[in-house]
Amino acid sequence: MEDIREKAIKKGRKKLKESQNRDKLIIKAVNFLDQSNNNFNHEMERFRDWYSLHFPELTKEITKDEHLIKILSNGVKRNEISSFESMAKESTGMPLNKKDIELLEESLEILERKLENREKIKKYVSEIADDEIPNLKQVLGPLLAARLISLTGGLEELAKKPASTVQMLGAEKALFRYLHGKGTPPKHGILFQHNFVNSLPEENRGKMARFLANKSVMAARLDQYGDKNKGEELREECQQRFEELKE
Amino acid sequence: MKKLQEGVFEKGDKIYTIAASSSRVYGEKFIEIDGETYREWNPNRSKAAAAIKNGINIELNSNNHLLYLGAASGTTVSHFSDILEEGFIYGVEYSDTVFRDLLELAEDRENIAPFLDNARKPENYGNLVSEVDIVFQDISQRDQPEIFIRNCKRFLKKGGIGLLAVKARSISSSEDKKVIYNEVKDKLSEEFRIIDETELEPYEKDHLFLKLEKKN
């Protein structure tokens, strides 16, 4: 028994060391990014809610989060915000004291930093993708490529999957519902996020998703085992198919 | 301290095992009574403990050999290791993040062999695992009954005990849990006789715990 235990421990350590692939970094980074986006949206919603006690007209007028953050970044007091003076004069919101302003500004600053961090991670994922999965990046873009790899657990795992499986990744719930005799078969999983799929009329999305899945798997296999410079070619093919289906 | 089952003790509404090591595994409490050190076994963290609290006798004997599928970071494994003083645990876990914790536990305790493997493929660890008395499974996967059967066919002795926690929501997120439980039991009944069962409320939601005996 002692012998078996030692062998198992040794083997486990070895496997842990061998599994250190750089594609893991992209997976974790993109998962963090998605979670961070989610958190940001929730917090921003709360911030708007909070700030609208003071200046509801502005939060209603400016619907884009990045835009609102930028406008407020020099101070949140409504009569000190340039180019909204008349709106501020008419405002129905309550006045703020020093403490209120301090905390609002601090919270806003955190949100601003989160936005910056988001951009940095995007750039980072894109850079690693250039080294590790250049073909797949060309076909799907860095973030979607990373999400796809994340769903399969690694580049090697993705490269071993059939294209039909890849087309369904992210639509497992719908797929199994269909296999159990309920509902219709899903046409696309996470690949729906690709502009070529979601911008087509509904009846053509399945065709595009299938095509894109085929090319993605080819790209992943080339990234894992072969020529890393085929991305452009594969992307062209997808573009062509997209143009065909658009008409 | 009152003996509840083989190796499992009760005091008040809490249950304990006798600590085989002085290291803390998951932040659990240690208490000392009559020169013996006991480790508190938290039913909110361990489905086996939840099953015991809900009246299942897991029937572990101190010299049993046990195959544990879905060992995770070793919370439950550590208590089994306490109980199986002269026994042995083969722990299989597929995720490398939590496997690190399991590895640490195995280095600290002499009756655990950890395997970083997919329980769907028993052939990958079969060469080091021999026949066992008990198979325990805590894997939240859609095909968990199939995984369980495959492993029991290969490793569990005739008349051996199977223990498994079924998470209804990882089999279907919409179907009624009773329907799911029955499907799982149907699948298992070919190879096993169901000895006992309980839901794991209030510790876990929509979980069924089964105690089985292998027919052949």
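Here is a short chat about a few spots in this predicted model.

Modeller: Residues are numbered from 1 along each chain as written, and chains are lettered from A in the order written. The model is predicted, so local features need pLDDT of at least 70, side-chain atom pairs count only at pLDDT 80 or more, totals for chains, interfaces and linings use all residues, and side-chain values use heavy atoms, leaving out hydrogens and water.

Colleague: Is helix α8 of chain A largely enclosed or open, and how many of its residues are buried?
Modeller: Buried means under 20% relative accessible area, exposed over 50%, partly exposed in between, using a 1.4 Å probe and protein chains only. Helices are DSSP runs of H or I, at least four residues, and strands are runs of E, at least two, numbered from the N terminus. Helix α8(A), residues 142-152, is largely enclosed by the rest of the structure, because the buried count is 8 of the 11 residues.

Colleague: Which residue just after α8(A) takes a positive phi?
Modeller: The buried residues of α8(A) include Ile149(A) and Thr152(A). Just after the helix, phi is about 100° at Gly153(A).

Colleague: Is Glu86(B) buried or exposed?
Modeller: Glu86(B) sits in the loop between α2 (75-83) and β7 (88-93) of chain B. Its relative accessibility is 59%, so Glu86(B) counts as exposed.

Colleague: Which residues of chain A does Arg142(B) touch?
Modeller: Arg142(B) lies in the loop between β9 (132-137) and α4 (144-155) of chain B, and is partly exposed at 30% relative accessible area. Contact means heavy atoms within 4.5 Å. Not counting residues up to four places away in sequence, Arg142(B) touches Ser170(B) and Ile171(B), and from chain A, Phe176(A) and His180(A).
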